[in-house]
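This briefing is meant to be read slowly, with the structure open beside the text.

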Amino acid sequence: MFRLFILVAILVTALASSLITPELDDRWEEYKLTYKKTYSLSEHQQRRIIWESNLRYIRKHNIDAEKGLHTYILGENEYSDMTNKEFVSVMNGFRMRHTRREGRTFIAPDGLTVNSLPPTVDWRTKGYVTNIKNQKACGSCWAFSAVGSVEGQWFKKTQTLVSLSEQNILDCYGQIGSCIGGWIDNAFQYIKNNSGIDSEESYPYRDHQWFCKFNRDNIRATITGYVDLTAQSEEELQMAVASVGPISVAIDATGPQFQHYKSGIYNYKDCSSTELDHAVLTVGYGASGADNYWIIKNSWGTSWGMEGYFNMVRNNNNTCGIATTASFPTV
């Protein structure tokens, strides 16, 4: 029996070694150095195999993109050593709710119509948006999305941009397992009920839930409530983005293409418009020729996408559910 075990172990090791390309050794070492990756002896080979598989997937997609089959390209990032299933389970923390939403209804300013909107909007250029953040190995995207929208509305009111504390929400919201996922509107409701939220500086991010350390002396923003946009209405979302500021949204981000997105207009035809799993922040919109897109801030660090941002196809049947659960706070 022991000899059989040794034989199986040898065969498994040989099979794993056959999946590794020696020509990529230097690139693998550079990848680990760039993203500060360290692995146990038992994990190292597994991560190398996953990384190489992802590189092949990225290369094939980009060859097809050059042929005009895709409107976006993929690239290596700090998550390229993870399987898509693993990545989604760790990073996508929005939990879909199929119940009545409780925020106020959006009312467009008098005279505002889709036809009267400016062709492009980018709130980053107006001072509404803080730097790209990184939720790390915690499904806290829902808190990052909500905080980003609060930061924008607080700037609109005070003309002061303050980075607010996602950790404050994770620790003090009152629900065990905040890193497993949550709901954007619940974050807004917590901030309202709590009469404010601390600054990032006073309550820094830890990438895991901990004991609540909220300090009322460190409150840097308050809200009076929140508004839920009409489900699946990209026209209403566009009016809100143009007239209000950054808007919290959720999308279906389960596709392996999204894990490796690098640039271009993301348009994944197989994603769902109703089963959503990742919360992000819409900070504007624009167009490239005949292709309309949303400008969206993610919370996966600057190695992902266009230094942390991505463009999502706009006015294309609510692709990936971009307008399904949009909302923003009132201050």
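The points that follow are grouped by topic.

The model is predicted, so local features need pLDDT of at least 70 and side-chain atom pairs count only at pLDDT 80 or more, while totals for chains, interfaces and linings use all residues. Residues are numbered from 1 along each chain as its sequence is written, and side-chain values use heavy atoms, with hydrogens and water left out.

**The cavity**

- A cavity here is a set of points, on a 1 Å grid over the protein atoms alone, where a 1.4 Å probe fits but cannot get out, and its lining residues have an atom within 4 Å of a point.
- The count comes to 1 cavity of 30 Å³ or more, and the largest cavity has a volume of about 110 Å³, a volume being the space filled by probe spheres set on grid points that are joined across faces, edges and corners.
- Of the 13 residues that line the largest cavity, those closest to its centre are Phe144, Ser145, Lys297, Asn298 and Ser299.
- Helix H5 (141-158) and strand S9 (278-288) are the elements that give two or more residues to this lining, and H5 provides the largest share, 5 residues; helices (H or I, at least four residues) and strands (E, at least two) are DSSP runs, numbered from the N terminus.

**Helix H5**

- H5 has 18 residues and reaches 26 Å from its first C-alpha to its last, close to the 26 Å expected at 1.5 Å a residue, where the expected span is 1.5 Å times one less than the number of residues.
- Because 15 of its 18 residues are buried, H5 is largely enclosed by the rest of the structure; buried means under 20% relative accessible area (1.4 Å probe, protein chains only).
- Just after H5, Gln159 takes a positive phi of about 60°.

**The nonpolar cores**

- A nonpolar core is a set of buried Ala, Val, Leu, Ile, Met, Phe, Trp, Tyr and Cys residues joined through side-chain atoms within 4.5 Å.
- In the largest such core, which has 52 residues, Leu229, Leu237, Ile247 and Phe310 touch the most other members, and helix H8 (234-243) gives the most to this core, with 5 residues.
- Apart from this core lies another, of 31 residues, among them Phe144, Val162, Ile223 and Leu276.

**Thr282**

- Thr282 has its place in strand S9 and is buried, with a relative accessible area of 0%.
- Leaving aside neighbours within four places in sequence, Thr282 is in contact (heavy atoms within 4.5 Å) with residues including Val241, Ile247, Trp294 and Ile322.

Notes:
1 Å grid on protein atoms, 1.4 Å probe; cavity = no way out; pocket = protein on both sides within 12 Å on 5 of 7 lines; lining within 4 Å. Buried < 20%, exposed > 50% of the residue type's maximum accessible area, 1.4 Å probe, protein only.
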